[in-house]
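Grab a pencil and work through these exercises with the structure open beside you. Try each task before you read its solution.

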Amino acid sequence: MIKSVIFDFDGTMADSKRVFLSVFNQLAAKHGFRRVDLEEMEYLRKLSMRERMKQFDFPVHKLPAWSTEFYELYHQASEEVTLVPGMAELLSEVNSRGYKTAIISSNSRKNIDAFLDRNRLSPMEEVICSNRLFGKDRHIKSYLKRTGLGKEEVIYVGDEARDIAACRKCGIKIIWVSWGYDAREAAEKEKPDFMVYEPKDILKVIH
């Protein structure tokens with residue numbers, strides 16, 4: 001029986017694609033890697049994160065050093081980040097049914113808290129942030145240990161192949177959502193447990 005639902009943030013709860021594109025291009029101009037055009041976004045959704053980085057000559061080893069700068073620029077444009085339609089109703093229903101809720105994200109706590117407040121969303125019991133793009137599995141394991149929940153009692157909701165891979169490492173199930181950063185082609189390679197196409201469909205999985 002599911003007792004806790006962990007949500008990814010960007011792409012899952014928040015539609016931040018245009019802000020991410022703008023911030024990425026600001027860093028590209030400053031640090032000398034290739035810009036991303038809006039027309040390329042659909043093609044990029046079919047690639048893994050590492051494949052995208054290779055496409056744009058982005059130095060992956062620089063990610064930790066540049067993450068603070070990235071999310072500060074994101075914060076400056078954060079009012080352009082919008083709530084995924086249907087997500088407020090979903091979160092309200094999840095809370096009313098008594099599930100524990102948490103966010104695990106590589107975004108900053110400041111950005112996530114501001115978004116939750118601005119959209120008057122149902123409160124999350126925990127917001128867990130990491131500056132490591134590929135380190136979510138460690139945070140999931142820590143959450144399981146801290147809460148005392150079993151692997152079968154927790155489910156993750158995310159939009160990227162790296163979310164699926166992290167859940168595989170932890171032994172928990174994941175619901176992949178279609179409206180985020182990764183296209184179905186990229187997600188299917190990691191074999192998510194469930195695939196949904198509207199926020200309300202998440203309830204059908206966790207009931």
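Predicted model: local features only at pLDDT ≥ 70, side-chain atom pairs only at ≥ 80, totals over all residues.

**Exercise 1. How enclosed is a helix?**

Task: Decide how many of the 10 residues of α8 are buried, and say what covers them.

Solution: 
- Step 1. Go along α8 (161–170) and pick out the buried residues: Ala161, Arg162, Asp163, Ile164, Ala166, Cys167 and Cys170.
- Step 2. That is 7 of the 10 residues, so α8 is largely enclosed by the rest of the structure.
- Step 3. Find the cover. The elements over these buried residues include α3, α7, β6 (154–158), β7 (173–177) and α9.
- Step 4. Zoom in on one residue, Ala166, which belongs to α8. Ala166 counts as buried because its relative accessibility is 6%, and the cut-off is under 20%.
- Step 5. Who touches Ala166? Setting aside neighbours within four places in sequence, Ala166 is in contact with Lys136, Asp137 and Ile140.
- Step 6. Compare chain and space. Ala166 and Arg138 are 28 residues apart along the chain, while their C-alpha atoms are separated by 8.3 Å.
- Step 7. See what comes next: α8 is followed by Gly171, which has a positive phi near 80 degrees.

**Exercise 2. Two cysteines**

Solution: 
- Step 1. Find the closest partner. For the sulfur of Cys167, that's the sulfur of Cys170, 6.5 Å away.
- Step 2. Apply the cut-off. A disulfide needs sulfur atoms within 2.5 Å, so at 6.5 Å the pair is too far for a bond.
- Step 3. Check the whole structure: the search finds 0 disulfides.
- Step 4. Cys167 is buried, at 0% relative accessibility. Cys170 is buried too, with a relative accessible area of 2%.

**Exercise 3. An open pocket**

Task: Which helix gives the most residues to the lining of the largest pocket?

Solution: 
- Step 1. Start with size: the largest pocket holds about 300 Å³ of space.
- Step 2. Look at its lining of 21 residues. Closest to the centre are Phe134, Ala161, Arg162, Ala165 and Glu190.
- Step 3. List the helices. α3, α7 (136–147) and α8 each supply at least two lining residues. The top contributor is α8, with 6 residues.
- Step 4. Sort the lining by class: 8 nonpolar, 1 polar and 12 charged.

**Exercise 4. A closed cavity and a helix that lines it**

Task: How many cavities of 30 Å³ or more does the structure hold, and which residues lie nearest the centre of the largest?

Solution: 
- Step 1. Rolling a probe the size of a water molecule over the atoms shows where empty space is left.
- Step 2. Count: there is 1 such cavity. The volume of the largest cavity is about 680 Å³.
- Step 3. Its lining has 30 residues, with Phe20, Phe24, Met49, Met53 and Phe70 nearest the centre. α1, α2 (41–44), α3 and α4 each give two or more residues to this lining.
- Step 4. Sort by class: 17 nonpolar, 5 polar and 8 charged.
- Step 5. Follow α4 (residues 63–76). Its 14 residues reach 19 Å from first C-alpha to last, close to the expected 20 Å.
- Step 6. Phe70 is among the buried residues of α4, along with Leu63 and Trp66. The cover over the buried residues of α4 includes α1 (17–31), α3 (49–55) and α6 (109–118).

Definitions and conventions
Residues numbered from 1 in each chain as written. Heavy atoms only, no water. Helix = DSSP H or I, 4+ residues; strand = E, 2+ residues; numbered from the N terminus. Expected span 1.5 Å × (residues − 1). Buried < 20%, exposed > 50% of the residue type's maximum accessible area, 1.4 Å probe, protein only. Contact = heavy atoms within 4.5 Å. 1 Å grid on protein atoms, 1.4 Å probe; cavity = no way out; pocket = protein on both sides within 12 Å on 5 of 7 lines; lining within 4 Å. Points joined across faces, edges and corners; volume = space filled by probe spheres on them. Nonpolar A, V, L, I, M, F, W, Y, C, P; charged D, E, K, R; others polar.
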